[in-house]
Amino acid sequence: MTGDEQVGAVTVAAYRVPTDAPEGDGTLTWDSTTIVVVHAKCGHHQGVGWTYGPAAIAGVVNDLLAPTVTGRSVWDVRGAWEAMVRRIRNAGRPGIAGYALSAVDVALWDLKARLVGLPLQDLVGAVRDEVPVYGSGGFTTYDQEQLRRQLDGWVQTDRIPRVKIKIGESWGGNVPRDIARMRQARDVVGDDVELYVDANGGYGRKQAIRVMAEVTDLDIRWLEEPVSSDDLAGLREVRDRVAPDVAAGEYGYDLYYFRRMCDAEAVDCLQVDVSRCGGITEWIRAAAVAAACGLQVSGHCAPHLHVHVAAATPNLRHLEWFHDHVRIESMFFEGSLDAQDGVMRPRRDAVGNGLTLRSQDAEQYQVA
Ligand SMILES: [Mg+2]
């Protein structure tokens with residue numbers, strides 16, 4: 001290394017992967033998931049980052065971000081990030097451009113770690129060896145048998161002591177089934193596992209409070225997006241009147257978003273998504289915003305994208321071991337981790353994030 005290594009080619013591809021069964025939550029259903037993978041090169045080293053979202057993200061990478069970071073110093077990841085944020089001003093930071101920014105930022109962090117020969121968590125600055133996760137899925141589209149099998153897999157096979165299911169079905173239009181599914185989940189996992197629920201913004205304020213009042217005997221610990229995460233006063237109202245911790249933040253694209261959510265005292269735990277918020281660079285700052293408000297952060301989805309920076313985040317609660325993304329990440333990446341005993345252990349024997357895209361396996365799903 002000479003110290004003036006530059007970012008070389010930045011390439012991107014999008015892959016649409018069918019789900020293993022129809023998936024749905026309170027406010028959306030889907031039967032495929034698109035992963036957009038970015039590679040950033042320097043000599044024979046290659047960093048990888050990704051995000052989940054429309055294939056159009058690849059266009060933003062190709063048109064705006066790749067030309068911005070190519071030729072910049074490999075070492076100045078934060079400088080590259082600042083340049084990318086300036087570049088996407090008119091494209092709009094939230095949404096597709098934010099996803100693209102996040103994927104490129106992660107690829108640049110990974111590239112730097114590989115060049116210096118460090119595991120990514122050590123480049124960022126690890127504070128723990130093990131990262132707690134919770135099993136997440138429990139889709140509203142599952143029947144009783146599918147739900148039972150998934151919960152059993154997390155609790156009995158993987159021994160994960162925390163699980164989350166979706167509620168708020170049909171925008172809060174099927175509360176009896178929500179309640180029956182929560183009761184089934186508690187029955188399947190037993191008394192010693194933390195039970196979480198996510199309404200994806202499907203309820204109204206009072207409705208959410210009423211639903212939680214009906215299931216106080218289930219000891220639900222986490223209520224995610226009981227109302228729209230844009231309704232900060234609504235989140236605060238629900239938070240004040242239910243026992244579970246209220247969580248939100250998965251749609252946060254910048255620091256001001258997270259500050260507003262914290263200022264409104266809307267959540268007990270702030271969710272942050274590396275694949276949307278602006279990558280590892282912005283995750284670190286978002287976690288600092290939360291810390292300054294006395295809050296922990298929880299990573300939203302994409303566990304392998306989060307695990308290294310999560311290991312370097314003092315005020316981390318846990319990551320989401322999300323069925324859909326776990327499946328894709330273990331299919332697509334050589335070196336993927338498991339969640340045995342409810343923790344991910346980022347590798348110490350690998351450089352960067354330790355992952356390599358299985359290009360030949362991925363190819364069949366490529367759409368851009
Ligand atoms: Mg959610």
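This is a predicted model: local features need pLDDT of at least 70, side-chain atom pairs count only at pLDDT 80 or more; totals for chains, interfaces and linings use all residues.

Reader: Into which domains is the chain divided, and how far apart do their C-alpha centres lie?

Author: The division gives domain 1, made of 10-117 + 359-363, and domain 2, made of 122-356. When the C-alpha centres of domain 1 and domain 2 are compared, the distance between them is 22 Å.

Reader: Which element gives the largest share of the side of domain 1 that touches domain 2?

Author: The contact takes 39 residues from domain 1 and 39 residues from domain 2. On the side of domain 1, at least two residues each are supplied by β1, β2, β3, α2 (77-87), α3 (96-116) and α15 (359-362). The largest share, 12 residues, comes from α3.

Reader: How many residues of that side of domain 1 are nonpolar, polar and charged?

Author: Sorted by class, the side of domain 1 that touches domain 2 has 10 charged residues and 11 polar ones, while its nonpolar residues number 18.

Reader: Which strands stand at the edges of the open sheet of three strands?

Author: The strands of this open sheet follow the order β1-β2-β3, and their pairing is antiparallel. A strand at the edge has a single partner strand, so one side of it is left without a neighbour in the sheet, and this applies to β1 (10-24) and β3 (45-52).

Reader: Which residue of β3 stands opposite Val36?

Author: Strand β2, residues 29-42, pairs with β3 in the antiparallel sense, and the pairing runs over eight bridges. Across from Val36, the residue that stands opposite in β3 is Thr51.

Reader: What span should helix α12 have, and how far apart are its end C-alpha atoms?

Author: Helix α12 covers residues 279-292, which is 14 residues, and at 1.5 Å a residue it should span 20 Å. Its buried residues include Trp283, Ala286, Ala287 and Ala290, and just after α12 Gly294 takes a positive phi of about 75°.

Reader: Is Glu225 buried or exposed, and what is its phi?

Author: Glu225 is placed in the loop between β7 (220-224) and α9 (232-241). A residue counts as buried if 20 or more other C-beta atoms lie within 10 Å of its own, and Glu225, with 30 such neighbours, is therefore buried. Most residues other than glycine have a negative phi. Glu225 is not a glycine, yet its phi is positive, at about 40°.

Reader: What is the phi of Glu265, and how many other C-beta atoms lie within 10 Å?

Author: The loop between α10 (255-263) and β9 (269-272) holds Glu265. Although Glu265 is a residue other than glycine, its phi is positive, near 50°. Glu265 is partly exposed, because the number of other C-beta atoms within 10 Å is 14.

Reader: Where does Ile160 lie, and how far is it in space from Glu194?

Author: Ile160 belongs to the loop between α5 (144-157) and β5 (162-166), and it counts as buried because it has 25 C-beta neighbours inside 10 Å. Leaving aside residues up to four places away in sequence, Ile160 touches several others, among them Val133, Tyr134, Trp321 and Ala339. Ile160 and Glu194 are 34 residues apart in sequence, and from C-alpha to C-alpha their distance in space is 9.5 Å.

Technical notes. Residues are numbered from 1 along each chain as its sequence is written. Helices (H or I, at least four residues) and strands (E, at least two) are DSSP runs, numbered from the N terminus. A residue is buried if 20 or more other C-beta atoms lie within 10 Å of its own, exposed if 12 or fewer, and partly exposed in between; C-beta atoms are placed from the backbone. Two strands pair if DSSP finds at least two bridges between them. The expected span of a helix is 1.5 Å times one less than its number of residues. Domain bounds come from an automatic or database domain assignment. Two residues are in contact if their C-beta atoms, placed from the backbone, lie within 7 Å. Ala, Val, Leu, Ile, Met, Phe, Trp, Tyr, Cys and Pro count as nonpolar, Asp, Glu, Lys and Arg as charged, and the others, Gly among them, as polar.
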